[in-house]
Amino acid sequence: MPLPKAELHLHIEGTLEPELAFALAARNGVALPYRDTEELRRAYLFDDLQSFLDLYYGLMAVLRTEDDFAELADAYLARAAAQGVRHAEIFFDPQAHTARGVPIGTVVEGLARALDAAEERHGVSTRLIMCFLRDRPAAEAMETLEAARPYLDRITAVGLDSAEVGHPPSKFREVYEAAAALGLRKVAHAGEEGPAAYVAEALDVLGVERVDHGLRCMEDAELVARLARERVPLTLCPLSNVRLRAIDTLEAHPLPRMMDAGLLCTVNSDDPAYFGGYVGDTFHAVHEALGLDPERLRELARNSFVAAFLDDDEERRARLIAEVDAYDFAADDAG
Ligand code: HPA
Ligand code: ZN
């Protein structure tokens with residue numbers, strides 16, 4: 001049995017495996033600019049975040065119906081459950097779909113169908129986090145929040161993703177204020193490719209409760225001390241950082257130093273269909289490449305439940321943390 005864990009940084013569109021992409025393309029009559037799954041996979045060589053985003057948004061053309069979104073999410077949940085995920089907080093990018101003429105209701109209803117069945121079918125509790133695309137105008141994010149109003153009972157939090165540099169968190173101050181007024185919780189990507197100052201801005205201007213990535217906080221010792229003191233969770237994605245060249249090699253990832261600095265680190269898969277593994281694979285990879293021992297892996301798994309938006313089900317949080325604490329690594333491997 002794998003180590004129980006929560007996944008807190010996962011873009012559902014980034015779980016679109018080549019096989020499902022081609023199946024949906026055939027079903028929906030969408031032509032893809034790749035001959036087959038092998039040719040598509042060969043295109044997964046990225047120079048940076050933008051080169052990934054170009055392919056990621058392009059491949060979304062195959063996602064058209066409620067069934068498509070339900071199938072996508074169910075396939076992720078099955079894979080995640082097999083790797084020990086017991087709770088998943090799932091990002092989605094409504095603007096990437098509404099811009100193609102797919103209504104937000106189709107996206108949310110489709111995802112919700114899979115998520116509603118997830119606890120019984122896969123033993124995974126779930127939350128949905130609606131992300132705004134930071135490289136599009138703030139006014140469009142505000143319109144997206146407005147369009148999401150009928151579905152707010154399904155959405156736990158708002159997030160901020162897409163191309164980071166040149167699009168600081170402060171651009172979305174009003175949108176985040178409006179989201180908070182609607183009872184939504186707040187997270188944001190910051191410090192993936194953008195500077196440490198964006199991490200501080202996400203906290204101070206947007207009032208986020210967790211920082212997605214936050215990797216580049218390591219360039220500012222005072223910020224690190226603050227994040228540690230305030231116990232701000234960071235949702236790190238080591239395989240993503242290597243594939244998007246935020247760092248050179250997994251062996252060079254600062255995760256061990258970040259944990260040593262007292263940061264509340266979690267590890268996550270980001271876009272597992274593109275970056276070489278789901279979250280269990282990520283745990284194995286950091287164990288191998290960074291020499292994190294079982295107690296370090298246990299800390300990461302415990303942190304994932306501590307940082308989860310499970311405030312409305314503290315009993316489940318406590319039960320899952322107890323399972324992590326009782327987990328016997330000798331009966332498995334790296335988890
Ligand atoms: N960073 C920013 N935006 C994204 C990512 C990412 O890694 N994946 C999907 N959207
Ligand atoms: Zn991300």
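P238 sits in helix α11, which spans residues 238-243. Helices here are DSSP runs of H or I with at least four residues, strands are runs of E with at least two, and both are numbered from the N terminus. P238 is buried, with a relative accessible area of 0%. Buried means under 20% relative accessible area, exposed means over 50%, and partly exposed lies in between, with a 1.4 Å probe and protein chains only. T249 lies 11 residues from P238 along the chain, and their C-alpha atoms are separated by 9.4 Å.

The model is predicted: local features need pLDDT of at least 70, side-chain atom pairs count only at pLDDT 80 or more, and totals for chains, interfaces and linings use all residues. Residues are numbered from 1 along each chain as its sequence is written, chains are lettered from A and ligands numbered from 1 in the order in which they are written, and side-chain values use heavy atoms, with hydrogens and water left out.

The zinc ion (ligand 2) has four donor atoms. Its protein donors are H9 (NE2), H11 (NE2), H189 (NE2) and D270 (OD), at 2.1 to 2.3 Å. Donors are N, O and S atoms within 2.8 Å of the metal, or 3.2 Å for Na, K and Ca; water is not among the atoms, so sites may look incomplete. Along the chain, the donors follow the spacing H-x1-H-x177-H-x80-D. Distant parts of the chain are linked in this way: H11 belongs to strand β1 (residues 5-11) and H189 to strand β5 (residues 185-190), 178 residues apart. H11 is buried, at 4% relative accessible area. H189 is also buried, at 5% relative accessibility.

Four donors count as tetrahedral if all angles lie between 85 and 135 degrees; four count as square planar and six as octahedral if opposite donors are over 155 degrees apart and all others between 65 and 115; anything else is irregular. Ideal angles at a metal are 109.5 degrees for four tetrahedral donors.

D270 lies in the loop between β8 (264-267) and α13 (272-275). D270 is buried, with a relative accessible area of 2%. Its phi is positive, about 70 degrees, although D270 is not a glycine. Most residues other than glycine have a negative phi. H213 also has a positive phi, near 75 degrees. This histidine lies in strand β6 (residues 210-213). H213 is buried, with a relative accessible area of 0%.

Both D270 and H213 are among the residues around ligand 1. Others include L49, F52, L53, Y56, D161, E192 and D271. A residue is near a molecule or strand if one of its heavy atoms lies within 4 Å of it. An oxygen atom of ligand 1 is 2.8 Å from an N or O atom in the side chain of D270. A nitrogen atom of ligand 1 lies 2.8 Å from a backbone N or O atom of S162. For H11, a side-chain N or O atom is 3.5 Å from a nitrogen atom of the ligand.

The structure holds 11 aromatic pairs. Rings of Phe, Tyr and Trp (its six-membered ring) pair if their centres lie within 6.5 Å; planes under 30 degrees apart count as stacked, over 60 as edge-to-face and the rest as tilted. Y44 and F46 are stacked, because their ring centres are 6.1 Å apart and their planes lie at 25 degrees. Both residues are buried. Y327 and F329 are edge-to-face, because their ring centres are 4.9 Å apart and their planes lie at 90 degrees. Y327 is buried at 6% relative accessible area, and F329 is buried at 10%. One aromatic cluster is formed by Y44, F46, F52, Y56, Y57, Y274 and F275.

Charges also sit over rings. K5 lies over the face of F283, at 5.0 Å from the ring centre. R210 lies over the face of F309, at 4.1 Å from the ring centre. A charge sits over a ring if NZ of Lys or CZ of Arg is within 6 Å of the ring centre and within 35 degrees of the ring normal.

H284 is found in helix α14 (residues 279-290). H284 is partly exposed, with a relative accessible area of 28%.

Definitions and conventions. Polar contact = N/O pair within 3.5 Å; in protein donor to acceptor, adjacent residues only side chain to side chain.
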